[in-house]
Amino acid sequence: MAMIKHGDPDAMHVVVKRRNQTFFFLVRPEEKLGTIVSMLAKVLSRKPDTMKLVFKDMQMDPDASLKDQQVTSGSVLELLLKIEGREDFEDYKADDLVAAHAAFQANSGSS
């Protein structure tokens, strides 16, 4: 991942949420989702293959770019973790994510 400077016209903000955690990324549209997963893996001390990202009710492809998957600036992705000792991932709760994002925007005065 190349260094992005604040004010870079190609940069976009992407939010990743998981339960009570929120991660903010400043990335370029051509960035691969796998890069974000790798950064999250380092922060959370987990292996990348124990995580997946969901956007608009679809599991994201880590080898595809943000642009290819219609992720735009301000998009909110949900992080799901593999359940310890199992092959299953956490449940995806889109309604909760949408409600949490709406509440965040209302509280911050964002639109």
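What share of the contacts in the chain with a separation of 6 or more is accounted for by residues 24 or more positions apart? The points below begin with that matter and then follow the chain through its sheet and core.

1. **Contacts and confidence.** Residues 24 or more positions apart account for 53% of those contacts with a separation of 6 or more. The model is a predicted one, and the mean pLDDT of its chain is 83, with 84% of the residues at 70 or more.

2. **Overall make-up.** The chain contains 2 helices and 5 strands, and from the N terminus these elements follow the order β-β-α-β-β-β-α. Of its 111 residues, 38% count as buried. The accessible surface comes to about 7200 Å², and carbon and sulfur atoms hold 51% of that area.

3. The 5 strands form an open sheet with mixed pairing, arranged in the order 2-1-5-3-4. Strand 2 and strand 4 (58–59) stand at the edges with a single partner strand each, so one side of each lacks a neighbour in the sheet.

4. **Strands 1 and 2.** Strand 1 and strand 2 run antiparallel and are joined by 7 bridges. Within this pairing, Val14 has Phe25 of strand 2 as its bridge partner. Helix 1 packs on the sheet, where it touches strand 1, strand 2, strand 3 and strand 5, and its direction makes about 135° with that of strand 2.

5. **Strand 5 and its neighbours.** Strand 5 (residues 76–81) runs parallel to strand 1 (residues 12–18), to which 3 bridges join it; here Val15 has Val76 as its bridge partner. With strand 3 (residues 51–55), strand 5 pairs in the antiparallel sense over 4 bridges. Met51 has Leu81 of strand 5 as its bridge partner, and Val54 stands opposite Glu78.

6. **Cover over strand 5.** In a regular strand the side chains alternate between the two faces of the sheet. In strand 5, Val76, Glu78 and Leu80 lie on one side and Leu77, Leu79 and Leu81 on the other, and both faces are covered.

7. Strand 3 is largely enclosed by the rest of the structure, because 4 of its 5 residues are buried. Strand 3 also pairs with strand 4 in the antiparallel sense over 2 bridges, and Phe55 stands opposite Met58 in strand 4. These two strands form a hairpin with 2 residues between them, and Lys56 in the turn has a positive phi of about 50°.

8. In soluble globular proteins, nonpolar side chains tend to be buried together. The largest nonpolar core of this chain has 20 residues, of which Val16, Ile36, Leu40, Leu53, Val71 and Leu77 touch the most other members. Strand 1, strand 2 (21–27), helix 1, strand 3 and strand 5 each supply at least two residues of this core, and helix 1 gives the most, with 5 residues.

9. **Leu53 as an example.** Which residues does Leu53 touch, not counting residues up to four places away in sequence? Among them are Val16, Leu33, Ile36, Val37 and Leu40, and also Met58, Met60, Leu77, Glu78 and Leu79.

How values were computed. Residues are numbered from 1 along each chain as its sequence is written. This is a predicted model: local features need pLDDT of at least 70, side-chain atom pairs count only at pLDDT 80 or more; totals for chains, interfaces and linings use all residues. Side-chain values use heavy atoms; hydrogens and water are left out. pLDDT is the predictor's confidence in each residue, from 0 to 100. Buried means under 20% relative accessible area, exposed over 50%, partly exposed in between (1.4 Å probe, protein chains only). Two strands pair if DSSP finds at least two bridges between them. Contact means heavy atoms within 4.5 Å. Accessible areas come from the Shrake-Rupley method with a 1.4 Å probe; for residues, only the protein chains shown count as cover. A nonpolar core is a set of buried Ala, Val, Leu, Ile, Met, Phe, Trp, Tyr and Cys residues joined through side-chain atoms within 4.5 Å. Axes are lines fitted to C-alpha atoms, for helices over the stretch in contact, and angles run from 0 to 180 degrees between N-to-C directions.
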